[in-house]
Amino acid sequence: MLRINNLHVSIDGKEILKGLNLEIGAGELHAIMGPNGSGKSTLGYVMAGREGYDITEGSIEFEGKDLNDMEPEDRAAAGLFLAFQYPVEIPGVNNAYFLRSALNAQKKARGEEEVDSMTFLKTVRESLGQLKMDDTLLKRAVNEGFSGGEKKRNEIVQMAILQPKLAVLDETDSGLDIDALKLVAEGINRLRNPERSFMVITHYQRLLEHLTPDHVHVLSGGRIIESGGKELAERLEREGYSYLQAEAAEA
Amino acid sequence: MSQTTEQVQEYIQQRYKAGFYTDIDEDRVPAGLNEEIIAMISAKKNEPEWLLEWRLKAFQQWKKMVGPNWAHLKLPPIDFQKIHYYAAPKQENRPKSLDEVDPKLLETFDKLGVPLHERERLAGVAVDAVFDSVSVGTTFQKELKEAGVIFCSFSEAVQEYPDLVREYLGSVVPHTDNYFAALNSAVFTDGSFVYIPKDTRCPMELSTYFRINARDTGQFERTLIVAEPGSHVSYLEGCTAPMRDENQLHAAVVELVAKERAHIKYSTVQNWYPGDENGKGGIYNFVTKRGDCREDDSRITWTQVETGSAITWKYPSCILRGDRSSGEFYSVALTRNYQQADTGTKMIHLGKNTTSKIIAKGISAGHSNNSYRGLVRMAPRAESARNYTQCDSLLIGKQCGAHTFPYIESFNPTAKVEHEATTSRIGEDQLFYCRSRGLGEEDAVALIVDGFCKEVFKELPMEFAVEAKALLEISLEGAVG
């Protein structure tokens, strides 16, 4: 599904990712953990194709295609989704309209039939219900006046509607209370299937308690310095990142 | 034509679909501006003596005036002697019905999306179609007459309803008002006349479509709407012109009179040719639009979507004379390439408890300059009057400019004036967010701009809101990057 090979990424000439390697197979959920400033969000943005995030070396292959050659909208149509750490407000643009336009733009790019508004509304209402969000949200402007938690849940609604092959979730757990965290985790688990993969970027272990990751990686200094199973996350929660960084420095 | 030129032509056509020219024999007066020309225009229209005198008075006044130089516009000098002030398709007699109108003209309006044929008429919208200096036809006149509503060309009104015209012409915008209003008063040719009798709700939307076709001409339209007590009317105008390298002048005057409890809703979708990507050609649009809330509880709503013209100089205003009368101004002005717009409104509060609301959205792209200029004046008698103004500017790209010039004059301590203004660049983060969800860059820009204009679009009649949105999207193509 995803193969990241010796990835180097610079922003304004400053190198943030320094030779990152990662493979995610179909149906797998990988957690990327790491201290602040380790390059976690950079990884998310560079996957989605944000301008100014320059790949200076290495590659990201998504289903055999080099992502570096693709515009953000083409990556989305190919099945990549990024849940933003800070979802963006678009004043005056109705949430339902935005989401349907996005879905149909993707479908059009893939040569699929566009979805009519009745079917669309039905699915979106279902997703909203599952995340315990109010229907009136559809009529409100995209993320405008949403609470922090609402914004994050809205990202999960979008993910459920867009049905990506690979979802990158960038600190979706930050700023959520316990109940919202559970809803978000349920939302992710509902979407898990043997074809769909997840990259969950997080600072804390608490979201992972509900998700059962297949692999946990520790990102530090622009590289993955340790990989393991679920138990690695638990150990990090107990001991902090410092012990790993110390080990990495010695090695 | 080589393949590439053809492709370029096609591309430009896409951007400005109304840019074609209709090859038709036209009757025109010689170029130049003097008493003789004015008399010639008046004679062609078979006008009464008083109207010719009124024109000549305006002309005398105009000669003493100088053009406005206070706007934030680079105004090239205009040679008024080079313009033909009257051009009209040749016809033996004025067609008595739409069936007698030259098929070429009907075809032109068809192509512009304004079908005048009986069977294809826009449902529920009556149209007066003005081609250069004359109206070529007005639809649904009979049906409107049954409701007591008069909707006809200005020339026809001069013949059929001279008393009404004489009573109201110049009563809101005097012939001495300003340089371009004086010029218009001297040489105006056609436009629309609307009269809504007492307690009548106009049964359909009224609209006028202005088309400039002939070369080296100007269009000087005059529109007058009178709403008697308790009446209601919604009127919309649209306008387009062929693509040419030379600039053409459009100087209109619109007067609205709202009596007790009457409501006039006046909407404009302005799509005059804006010039090419180097700023060559395009219409100079100098317009005086003013509404008089003459009696108590009257209301006038201006809504404008301005995407065309090389230069726009336009301030649809309200004189809030009656107590509790209210004025509204909703505007979207989009400029790109080298377009310049200096537009806004004036809300003159004279009566007690009068209210006004101004929502102005400016969008600048390319090398364009977009200014909002607005006056809110609270007269000494305007007890407890209120105004709310909101001006938002959106910048696309780095070479364009957005400016806001609010003037507030309050002579009554109980009056309340609120002004809010924002300027923002179209957010890179917003664009990226939309694109990461699968929307192409241009669709993303259109979506963001559409959201930005929402408050104004919702004021337009539905069919026209759709048109305005589409127009904005076409105008924005290629504006990014």
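Predicted model: local features only at pLDDT ≥ 70, side-chain atom pairs only at ≥ 80, totals over all residues.
Residues are numbered from 1 along each chain as its sequence is written, chains are lettered from A in the order in which they are written, and side-chain values use heavy atoms, with hydrogens and water left out.

**Stop 1: two helices**

Select residues 148-162 of chain A, helix α5, and then residues 178-191 of chain A, helix α6. Helices here are DSSP runs (H or I, at least four residues), and strands are runs of E with at least two. How do the two axes cross? They come within 10 Å and cross at roughly 10°; axes are lines fitted to C-alpha atoms over the stretch in contact, with angles from 0 to 180 degrees between N-to-C directions. α5(A) and α6(A) are therefore roughly parallel to each other (angles under 35 degrees count as such).

Now show the side chains.

**Stop 2: chain A meets chain B**

Color the two chains separately. The contact takes 33 residues from chain A and 19 residues from chain B. About 2000 Å² is buried between them; buried area is the accessible area (1.4 Å probe) that two parts lose on being put together, summed over both. Select A:R50, A:E73 and A:V88, which supply 25% of the area that chain A buries against chain B, more than any other three residues.

**Stop 3: a salt bridge**

Zoom in on A:E155 and B:R437, whose side chains meet in a salt bridge at 2.7 Å, N to O. The term means a side-chain nitrogen of Lys or Arg within 4 Å of a carboxyl oxygen of Asp or Glu. How many salt bridges are there between chain A and chain B? The count is three.

How values were computed:
Parallel < 35°, antiparallel > 145°, perpendicular 65-115°, else oblique. Contact = heavy atoms within 4.5 Å.
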